[in-house]
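Hi,

Here is the structure I promised to pass on. Have a look at it first, and my notes follow below.

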Amino acid sequence: MIVGRSGELGRLDQMLADVNGGGWGRALVVGDPGIGKTMLLSTVARRAARHRLRVIRVRVPDGEADVPFALLDELFRAAGAPAPSSVPGVSRRSAALLDLLLGLTATEPVLLIVDDVQNADGASLTAFVLAVERSAEAPLGVLLAARPAPNVEQRFVRWLRLELSPLSADESVTLLRSVLGARCSVLGARWRRRRVGARGARADVAGPSAGPDPGH
């Protein structure tokens, strides 16, 4: 269950509808670690499958920033195609990725999801952006997620940017209940009993309030 992201989901649902209708869409989700970017991506991936879009999803792990074309190789593998490891240069790698994307979208609309894109190597990002821009006529949706990183975000300044803010207190409680279920009510009851018990203990220690001395 996803909580507190109705605005973002509405924008991304529209992107899915556009892609399903033969159009295209590009979006970058930005947020601090643990704020819910991956959960949002997972929700969109499930909705895309219901729209009958083919979903190709990868995550860029830490440590790949110094591995040239690591992201591109992973995208090819996720699509079930051999990675063009022997193809040199950004331009040729970008052309190879473009051929892959056009081939995939020739038969069905596609949603491409890349999580933790801030970990990607620069060569991959350059080739990736070139290929995506050249595939504007294809039914292709591209959804990226990244931690705040100006050097990465500037590559996608023309894309839809969705910045996730922290959940409100009420949204956090709703999320906790959805995760813990009945346990949340039990824990809440225990917490309330402890508070009541603590207040009672303090009252016992303080004793009854002193009244006027009857002998005076």
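**Helix 3 and its surroundings**

The buried residues of helix 3 pack against strand 2, helix 4, strand 3 and helix 5. Keep in mind that this is a predicted model. The buried positions in helix 3 are Ala70, Leu71, Leu72, Asp73, Leu75 and Phe76.

Next, the pairing with helix 4. The axes of helix 3 and helix 4 come within 11 Å and cross at roughly 20°. Angles under 35 degrees count as roughly parallel, so helix 3 runs roughly parallel to helix 4. Their crossing is left-handed. On the helix 3 side, Leu72, Asp73 and Phe76 make the contact, and helix 4 brings Arg93, Ala96, Leu97 and Leu100. Sorted by class, that contact has 5 nonpolar, no polar and 2 charged residues.

The largest nonpolar core has 37 residues, and Phe128 and Leu144 touch the most other members. Two or more residues each come from strand 1 (25–30), strand 2 (54–59), helix 3 (70–78), helix 4 (90–105), strand 3 (110–115), helix 5 (122–134) and strand 4 (140–146). There is also a second, separate core of 20 residues, with Leu41, Leu53, Leu111 and Leu143 among them.

And what does Phe128 touch, leaving aside its neighbours within four places in sequence? Phe128 is in contact with Leu72, Leu75, Leu97, Leu112, Val142, Leu144 and Trp159.

Cheers

Conventions: Residues numbered from 1 in each chain as written. Predicted model: local features only at pLDDT ≥ 70, side-chain atom pairs only at ≥ 80, totals over all residues. Heavy atoms only, no water. Core = buried A, V, L, I, M, F, W, Y, C linked by side-chain atoms within 4.5 Å. Buried < 20%, exposed > 50% of the residue type's maximum accessible area, 1.4 Å probe, protein only. Helix = DSSP H or I, 4+ residues; strand = E, 2+ residues; numbered from the N terminus. Contact = heavy atoms within 4.5 Å. Axes fitted to C-alpha atoms, helices over the stretch in contact; angles between N-to-C directions. Parallel < 35°, antiparallel > 145°, perpendicular 65-115°, else oblique. Left-handed = near helix turned anticlockwise from the far one by under 90°. Nonpolar A, V, L, I, M, F, W, Y, C, P; charged D, E, K, R; others polar.
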